Amino acid sequence: MTLTTCTGYEVAGKCYWCGGGLKTKRRSYCCDEHRQEYYRHFEWSTASKWCLRRNDKCQICGIDRRDIPLVGEEGMYGGTSGFRVHHIIPVNGGSRYFNLLNAPCNLMALCHSCHVKIHKLDTLRSKEGAK
């Protein structure tokens, strides 16, 4: 795996979150709290789950996730309400695994309908910009 630079401290012997020295046998973080913060800000799986946990409503239309009917276990949303995490500044062609664009300030929780609409608008804008 190629290491993505998110904080500038991603070098041997330093904590990836704060840049401080490493304690004992730790390899990348000086403490568990700094590991959790780094993952919450830059690792896609952790950052997206955190975004969904802190937002009960679609950040565009305001619909409450509890008002959206669940779709079956094997259905369209895999048994979820259809809430999605959207990158405000898109990750175009880059790796999502560790990325600066996974920071909480660049993520939005959206219902499926608004997520589809926003991507359609993005597609139209990019086509118009190419003209």
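Which residues form one aromatic cluster? I looked this up first. Tyr16, Trp17, Tyr29, Tyr38, Tyr39, Phe42, Tyr97 and Phe98 form it.

**Ground rules**

I am working with a predicted model, where local features need pLDDT of at least 70, side-chain atom pairs count only at pLDDT 80 or more, and totals for chains, interfaces and linings use all residues. I number residues from 1 along each chain as its sequence is written, and side-chain values use heavy atoms, with hydrogens and water left out.

**Confidence**

I checked pLDDT, the predictor's confidence in each residue, from 0 to 100. The protein has a mean of 81, and 84% of its residues reach 70 or more. I then went through the elements, taking helices (H or I, at least four residues) and strands (E, at least two) as DSSP runs, numbered from the N terminus. Strand 2 (residues 107–110) has the highest mean pLDDT, 92. Helix 3 (residues 112–130) has the lowest, 82. Over residues 74–79 the pLDDT is below 50. Beyond near neighbours in sequence, that stretch has 14 contacts in the model (contact means heavy atoms within 4.5 Å). I note the caution: where pLDDT is low, the predicted coordinates should not be read in detail.

**Aromatic pairs**

I used this rule: rings of Phe, Tyr and Trp (its six-membered ring) pair if their centres lie within 6.5 Å; planes under 30 degrees apart count as stacked, over 60 as edge-to-face and the rest as tilted. The count comes to nine aromatic pairs. I picked out Tyr39 and Phe98. Their ring centres are 5.2 Å apart and their planes stand at 80 degrees, so the pair is edge-to-face. The pair links distant parts of the chain. Tyr39 sits in helix 1 (residues 32–42), and Phe98 in the loop between strand 1 (84–87) and strand 2, 59 residues apart.

Are these two buried or exposed? I set the terms: buried means under 20% relative accessible area, exposed over 50%, partly exposed in between (1.4 Å probe, protein chains only). Tyr39 counts as buried at 18% relative accessibility. Phe98 also counts as buried, at 9%. Phe98 forms an aromatic pair with Tyr97 as well, edge-to-face, with 4.8 Å centre to centre and 90 degrees between the planes. Tyr97 is partly exposed, with a relative accessible area of 40%.

**Charges over rings**

I took a charge as sitting over a ring if NZ of Lys or CZ of Arg is within 6 Å of the ring centre and within 35 degrees of the ring normal. The charged end of Arg40 sits over the ring of Trp50, 4.4 Å from its centre. The charged end of Arg65 sits over the ring of Phe83, 4.6 Å from its centre.

**Salt bridges**

How many salt bridges does the structure hold? I find three, a salt bridge being a side-chain nitrogen of Lys or Arg within 4 Å of a carboxyl oxygen of Asp or Glu.

I began with Glu37 and Arg40, whose closest N and O atoms are 2.9 Å apart. Both lie in helix 1, three residues apart, about one turn of the helix. Glu37 is partly exposed at 23% relative accessible area. Arg40 counts as buried at 17%.

Next I looked at Arg66. With Asp56 its closest N and O atoms are 3.9 Å apart. Both residues lie in the loop between helix 2 (44–54) and strand 1, so the pair ties together parts that are 10 residues apart in sequence. Arg66 counts as exposed at 61%, whereas Asp56 is partly exposed at 36%. Arg66 also bridges to Asp64, with the closest N and O atoms 2.8 Å apart. Asp64 counts as buried at 11%. Salt bridges that share partners join Asp56, Asp64 and Arg66 into one network.

**Helix 1 and its cover**

I listed the buried residues of helix 1: His34, Tyr38, Tyr39, Arg40, His41 and Phe42. What covers them includes helix 2.

**Cys105**

Last, I looked up Cys105. I found Cys105 in the loop between strand 1 and strand 2. Cys105 is exposed, with a relative accessible area of 70%. The C-alpha atoms of Cys105 and Ile89 are separated by 9.9 Å, and the two residues are 16 apart along the chain.
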